[in-house]
Amino acid sequence: MGTGVESGARDTRTVAATGARGMRAVAVVETAAGGGGRTVMRRLASAPPLTLRQTGPHTVHLVSTAAGPLGGDRLRLDLRVAPGTTLELGSVAATLVLPGDGPSTMVVTAHVGAGATLRFVPEPTVLAARSDHRLHVRLTLEEDATVLWREEIVFGRHGEPSGRCHARFDATRDGVPLLRQEFTVGDPTVDGSPAVYGNARCVGTTFMTAQAPAAAVAEGIAVLPLAAPGTLVSALADDAVQLRTRLEWGERQALHPPPRDRTHPRTDAG
């Protein structure tokens, strides 16, 4: 592909270690500007279960090479998008969070340089019964950086109760907070409340630097412009397919909102 990939690079920070309380692993994606405006994958550093594969000129996918995260695992994914470059990061399958020795932790840090673009669009995270997970995203943007960051969480596998997840999202541009958000899934005394998740089995959010022209609300979804340039799309759904449909509908309101698309998202999905 002519992108100068350094695939599978490892150092003392990226080698997984298994201890009494789970696995420690760090994976890194770092872009650089190539000739003719190309994006070069300057560095791909993997450590199971976080294995990275370049699948396009500026696209990388996470490929699970071990079960997990399991309770006790400590995982970190670092994204460094150089000024003027583009990175899209997805995953080839859903992430299944499993119970184990204590809570599991996933920390994702991303620095998006001036004029750079990042799309973070992995497949959903599924909280198996009795799992206990911590998810923390730290996103830093420089001037004119463009970001679309989607997270989808499914409350357990078919026919089982949800595990627990505490998620936090911190987005900052030029040192100024854009968004601070936290939510918890898996508290049976709270989740079923109509004011929280009700009968929903999935929750999802998309943070975008694109600014929706106005708030939009429909069944199971809200599109809210932020005080600084940006939009937060939040959705609930009965299943992962419906959740994705609703989130994508909300994303369109910020990216290119045609008047007709302000109909209920289920009109299109059936």
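Start by selecting Asp132, which counts as partly exposed because its relative accessibility is 22% (buried means under 20% relative accessible area, exposed over 50%, partly exposed in between, with a 1.4 Å probe and protein chains only). Asp132 forms a salt bridge with Arg134, their closest N and O atoms being 2.4 Å apart (a salt bridge is a side-chain nitrogen of Lys or Arg within 4 Å of a carboxyl oxygen of Asp or Glu).

The model is predicted, so local features need pLDDT of at least 70 and side-chain atom pairs count only at pLDDT 80 or more, whereas totals for chains, interfaces and linings use all residues. Residues are numbered from 1 along each chain as its sequence is written, and side-chain values use heavy atoms, with hydrogens and water left out.

Next, select Arg119 and Glu88, a salt bridge with the closest N and O atoms 3.7 Å apart; this pair links distant parts of the chain, with Arg119 in strand β10 and Glu88 in strand β7 (residues 86-91), 31 residues apart (strands are DSSP runs of E, at least two residues, numbered from the N terminus).

A search of the whole structure finds four aromatic pairs (ring centres of Phe, Tyr or Trp, the latter by its six-membered ring, within 6.5 Å; planes under 30 degrees apart count as stacked, over 60 as edge-to-face and the rest as tilted). The rings of Phe120 and Trp149 are stacked, because their centres are 3.9 Å apart and their planes at 15°.

Conventions:
Helices (H or I, at least four residues) and strands (E, at least two) are DSSP runs, numbered from the N terminus.
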